[in-house]
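Hi there,

Here is the structure I promised to pass on.

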Amino acid sequence: MNKTLKSLFKRKSFLISFAILIFFVIISATANLLTPYTNPYEFSQEYIANPYSPPDWASIFPQYSGLPPTTTYQFTTSHAVVQKEGNVSFTKNSTYVIGELQGKNSCLNVSYPFTYNSPAYKKAPSSFSLNFTGLIKTSSSTDVQVNIYLIHGNKSYFLESFVPVDYSFNFLYPTCPLPVNSVSNFSIESGGLNFVNSPYISSLSGSARLEGGILIPSLIFKGDPTSYNVMVSVKDLSGGPVSAYISPPKLKNEGYLYGILGTDFRGSSVFSEFVLGARFDLELSVATSLVIVGIGLILGLIAGYKGGKTDTVLNSVTDFFLTIPTLPLLIVLESVLVATNLILNVNKAFIIFTLIALLSWMATMKIIRSATFTLKGRTFVEASRALGGGSFHILFKHLIPNLLGIIVAQIAYDVPTVILVESGLDFLGLGITSFPTWGNMLGYASHELTASNGFVWWWILPPGLGIILLSAAFYFIGTALRDVLSPYKTRGEA
Amino acid sequence: MIEGKSISVKFKVNGRDFQALKGVNIKVNKGEVVGLAGESGSGKTTLGRAILLLQKFQGQVIWDGRDVTKVKGKKMKEFRMKNQIVYQDPFDAIDIRLKIFDVIAEGLRIHHEGSKQEIRDSVMESLKLVGLNPPEQFANIYPTQLSGGQLQRVAIARTLVMRPDFIVADEPVSMLDMSIRAGILEIFNELKSKGTSTLMITHDLSTVAYVSDRIYVMYLGKIVESGLTSQIVENPKHPYTQALISSIPVPEPGYKVEPKLKDEDVPVPEKGCPLYPRCPFRMEKCKTSDPEMVQVEPGHEVACYLY
């Protein structure tokens with residue numbers, strides 16, 4: 001075995017391919033650590049920066065220099081500065097600042113200081129988002145008001161005011177009514193503030209009011225890095241006992257540069273799409289190619305070893321499958337199965353896996369069959385028969401071990417085939433669309449490219465190069481393994 | 001002890017039938033080395049394979065008085081165990097992926113003969129028997145590390161480890177250098193003294209004369225002459241045998257081999273004596289009918305109208 005490994009690692013093409021494969025395996029295996037997103041195509045994971053934002057490091061190129069980066073301000077309850085008015089007591093734990101309010105007009109203000117240092121904001125107006133969770137426990141007859149302010153020096157911007165009643169309100173997407181005493185999740189999204197819900201914006205003049213949602217950063221953050229406070233204020237209006245659980249807010253300045261690979265048309269992280277796509281493509285293609293080689297090996301061995309009528313029948317069946325144009329049939333089957341809901345509750349990835357496996361085993365079968373034919377004719381197979389070895393003995397002791405190189409190579413060769421077919425389906429929008437794969441990344445890119453300002457290379461190149469590199473790597477690894485594991489090949493025979 | 005009765009083999013070549021063996025009778029007695037000589041394409045190897053049931057044929061194979069032509073299962077296994085074959089090309093006859101030990105132990109493992117230790121002992125013993133010393137050293141290397149002569153010894157050891165009663169040796173020395181042929185042939189001589197019978201297939205009469213007790217001469221799928229080695233070598237009757245013997249080169253400067261047969265590349269005649277187109281003594285009779293084997297002296301038979 002050592003000798004095999006040594007001769008493998010002597011090949012440069014194998015070394016490079018192996019390194020590429022290891023790279024993709026590592027990023028797939030650590031995908032959950034590399035990216036906080038589980039499915040960037042989900043609504044809640046979109047818009048983490050402005051759409052079509054180039055990567056952070058692209059600012060070294062002149063046309064992207066000076067774009068504001070995406071910055072997130074993370075607070076913990078230990079940063080909280082708490083002010084109180086009236087009969088109020090408070091405690092802090094790791095997730096909430098918990099206040100107990102008693103008496104009319106008693107008030108709890110929880111503020112978090114931060115330094116806003118995005119000097120480039122003037123070049124491109126950037127938006128920001130603010131999220132926090134508040135849990136108000138009180139009787140239904142008590143009126144409570146939650147206000148959110150941004151404070152800069154003496155000036156305070158009254159951003160929003162909530163009255164937690166027996167429903168949760170999210171101005172973009174009203175959710176179902178919640179009973180009193182449950183968690184209400186308030187969030188201020190970029191573009192979500194308007195003069196109806198923001199006292200600050202309603203205080204602005206007419207034109208600024210309309211642009212308020214977008215222009216808030218440039219209206220509030222006046223340029224030079226200075227310190228601000230974001231403040232959540234809970235006010236007891238009617239005097240009943242109130243328990244308020246206030247989480248630290250998440251404040252994000254959505255810039256025009258984002259992360260390692262920028263963002264796509266949704267404003268989702270291309271890097272996380274790439275990593276998750278790599279994981280999916282690797283898993284699907286390796287699993288499918290194992291099944292393909294499994295089918296091809298069994299049929300090829302039977303046809304090659306038995307010969308005669310069995311071979312004629314199996315070979316004809318294979319020829320029949322070979323005449324089927326695979327991709328059009330895949331497209332039709334996939335569309336029919338999915339569109340008619342013929343198969344309910346079945347993962348789309350599983351349908352694709354099955355269809356590709358059932359339509360791609362022919363080449364493998366032919367190769368295994370012909371290799372079996374050649375091997376079967378060799379004297380050592382007859383010698384084994386002359387020693388008394390049965391078919392099983394010959395198959396498992398002589399044929400399969402000698403075919404090992406071809407089998408392993410076929411597994412490696414089929415991986416690129418599957419990647420390409422699957423990516424093709426996804427590209428056409430017939431495959432998986434609900435979570436990222438390399439194919440549908442390219443598909444979305446081809447649809448949405450026109451809306452972008454220029455060539456969105458950070459979105460197109462990663463999946464494109466990924467497909468090419470992974471396919472080429474598997475091809476070279478397959479070739480190297482075939483050469484090393486086939487004893488007769490290395491001796492220049494068969 | 002093993003006997004083939006009127007064995008015929010047909011091959012399909014490009015859709016046409018080719019009669020490789022035409023009702024051949026052959027018999028090998030216990031402890032006897034029998035030579036089977038003839039030119040390439042005469043059906044020697046096919047006969048060897050047919051008699052070991054490795055080839056589909058018409059006719060009968062009798063082994064120890066039993067008809068084994070259509071045996072299956074346990075009896076077939078017994079037959080396989082006791083009747084072995086050594087191939088012409090040792091490079092092709094050995095799976096080079098296996099270590100020498102596993103190559104030789106294969107048969108014992110197939111038949112579950114003995115424990116691990118017993119198999120090990122048998123393998124070492126047979127390696128010693130074929131002259132691969134020290135056996136421990138040879139057992140642990142791969143076939144690619146051996147020379148042709150050593151490999152042929154391994155191939156022979158693989159058959160000897162089964163303690164066979166009968167071995168078909170299909171040109172066991174033709175692929176080997178002259179200098180190591182004698183060593184291999186000596187192994188068969190030794191086997192003879194232990195009571196193992198051998199069918200030695202060869203196209204080289206001088207080789208077969210070295211070890212065999214009796215010789216069959218084949219021409220185009222037919223036995224044309226059979227007899228004791230001394231009878232065949234010293235007193236060949238059939239024109240083909242005479243030609244075969246006179247063509248053995250003698251290491252002597254200036255020695256010329258006179259071709260006895262007309263060297264014509266003619267198609268196989270459909271009827272009559274197969275040698276007819278090339279025979280120097282051909283008669284009108286030979287053209288139409290095929291001569292039967294006739295006895296010319298005790299143990300010496302020949303198929304020719306001259307006798």
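**The sheet in chain B**

Chain B holds an open sheet of eight strands with mixed pairing, in the order E6-E7-E8-E3-E9-E10-E12-E11. Its edge strands are E6 (83–86) and E11 (294–297) of chain B, each of which pairs on one side only. From one strand to the next the twist averages 20 degrees. Here two strands pair if DSSP finds at least two bridges between them, and helices (H or I, at least four residues) and strands (E, at least two) are DSSP runs, numbered from the N terminus.

A word on what you are looking at: this is a predicted model, in which local features need pLDDT of at least 70 and side-chain atom pairs count only at pLDDT 80 or more, while totals for chains, interfaces and linings use all residues. Residues are numbered from 1 along each chain as its sequence is written, and chains are lettered from A and ligands numbered from 1 in the order in which they are written.

Strand E7 (residues 166–170) of chain B is mostly covered, with five of its five residues buried; buried means 20 or more other C-beta atoms within 10 Å of a residue's own, exposed means 12 or fewer, partly exposed is in between, and C-beta atoms are placed from the backbone. In a regular strand the side chains alternate between the two faces of the sheet. In E7(B), B:Phe166, B:Val168 and B:Asp170 point one way and B:Ile167 and B:Ala169 the other. E7(B) pairs with E6(B) in the parallel sense over four bridges, and five bridges join E7(B) to strand E8 (residues 197–202) of chain B, also parallel. B:Val168 is the bridge partner of B:Ile85 and stands opposite B:Leu199 in E8(B).

Further along, strands E9 (residues 214–219) and E10 (residues 222–228) of chain B are antiparallel, paired over six bridges.

**Cores and contacts**

The largest nonpolar core has 154 residues, a core being a set of buried Ala, Val, Leu, Ile, Met, Phe, Trp, Tyr and Cys residues joined through C-beta atoms within 7 Å. Among the residues with the most contacts inside it are B:Leu36, B:Ile104 and B:Val217. Helix H6 (residues 270–306) of chain A gives the most to this core, with 15 residues.

Why does B:Leu21 count as buried? B:Leu21 is buried because 27 other C-beta atoms lie within 10 Å. B:Leu21 lies in strand E2 (residues 16–28) of chain B, and its contacts (C-beta atoms, placed from the backbone, within 7 Å) beyond four places in sequence include B:Ile7, B:Leu47 and B:Gly221.

**Where the chains meet, and a helix pair**

In the interface, 19 residues of chain B are in contact with 16 residues of chain A. In chain A, helix H8 (residues 326–339) and helix H9 (residues 348–359) pack at about 150 degrees, with their axes 11 Å apart.

Notes
Axes fitted to C-alpha atoms, helices over the stretch in contact; angles between N-to-C directions. Contact = placed C-beta atoms within 7 Å.
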